[in-house]
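I open this notebook to record what I looked up in one chain. The entries follow the order in which I consulted the model.

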Amino acid sequence: MGKAGKALRQVLEIYGISQNKLAVALGIERGSVYRWVHEIRDPTAETVREIVKTLQEIEPPAASKFIELYLGDLIEDKEQP
């Protein structure tokens, strides 16, 4: 499974955000967050967008870190000449 789950797991650990807190803020079941974090299932692109928006509301630096971890290689490639 994918990079989104790994990035999300790291961000939740770093910023002390529980899976339940994220699930409640997203308006979904905690089991969905569990499946992403344990790389059982990948979130859809639209869900990744919602995760970023929700992390911005909970802890803005967490949203930035998630983007960095999830899309960092794309962002770095774009910055190089």
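What covers the buried residues of α2? I found that the cover includes α1, α3 and α4.

**Entry 1: basis.** I note that this is a predicted model, in which local features need pLDDT of at least 70 and side-chain atom pairs count only at pLDDT 80 or more, while totals for chains, interfaces and linings use all residues. Residues are numbered from 1 along each chain as its sequence is written, and side-chain values use heavy atoms, with hydrogens and water left out.

**Entry 2: overview.** I counted five helices and zero strands in the chain; helices (H or I, at least four residues) and strands (E, at least two) are DSSP runs, numbered from the N terminus. Buried residues make up 31% of the 81 residues; buried means under 20% relative accessible area, exposed over 50%, and partly exposed in between, with a 1.4 Å probe and protein chains only. Of the contacts with a separation of 6 or more, 60% are between residues 24 or more positions apart, contact meaning heavy atoms within 4.5 Å.

**Entry 3: helix α1.** I checked the length of α1 (residues 3-15): at 1.5 Å a residue its 13 residues should span 18 Å, and the end C-alpha atoms are 18 Å apart, which agrees. The expected span is 1.5 Å times one less than the number of residues. I then listed the buried residues of α1, which are Ala4, Gly5, Ala7, Leu8, Val11 and Leu12. They lie on the same side of α1, because they cover an arc of only 165° around the axis; the arc is that of the directions from the helix axis to the C-beta atoms. On the other side of α1, Glu13 and Ile14 are exposed. Just after α1, Gly16 has a positive phi of about 65°.

**Entry 4: α1 against α3.** I looked up how α1 meets helix α3 (residues 30-37): their axes come within 7 Å and cross at roughly 110°. Axes are lines fitted to C-alpha atoms, for helices over the stretch in contact, and angles run from 0 to 180 degrees between N-to-C directions. The two helices are therefore roughly perpendicular; under 35 degrees counts as roughly parallel, over 145 as roughly antiparallel, 65 to 115 as roughly perpendicular and the rest as oblique. Gly5, Leu8, Arg9 and Leu12 of α1 meet Val33, Trp36 and Val37 of α3.

**Entry 5: helix α2.** I found Gln19, Leu22, Ala23 and Leu26 buried in α2. Their arc around the axis is only 100°, which puts them on the same side of α2. Just after α2, Gly27 takes a positive phi of about 75°. Helix α2 (residues 19-26) packs with α4 at an angle of about 110°, the axes being 10 Å apart. That makes α2 roughly perpendicular to α4. Lys21, Leu22, Ala25 and Leu26 of α2 make this contact with Glu50, Ile51, Thr54, Leu55 and Ile58 of α4.

**Entry 6: helix α4 and Ile51.** In α4, I found Val48, Ile51, Val52, Thr54 and Leu55 buried. Which residues does Ile51 touch, not counting residues up to four places away in sequence? I recorded Leu8, Leu26, Trp36, Pro43 and Phe66. Ile51 has a relative accessible area of 0%. The C-alpha atoms of Ile51 and Ala63 are separated by 8.0 Å, with the two residues 12 apart along the chain.
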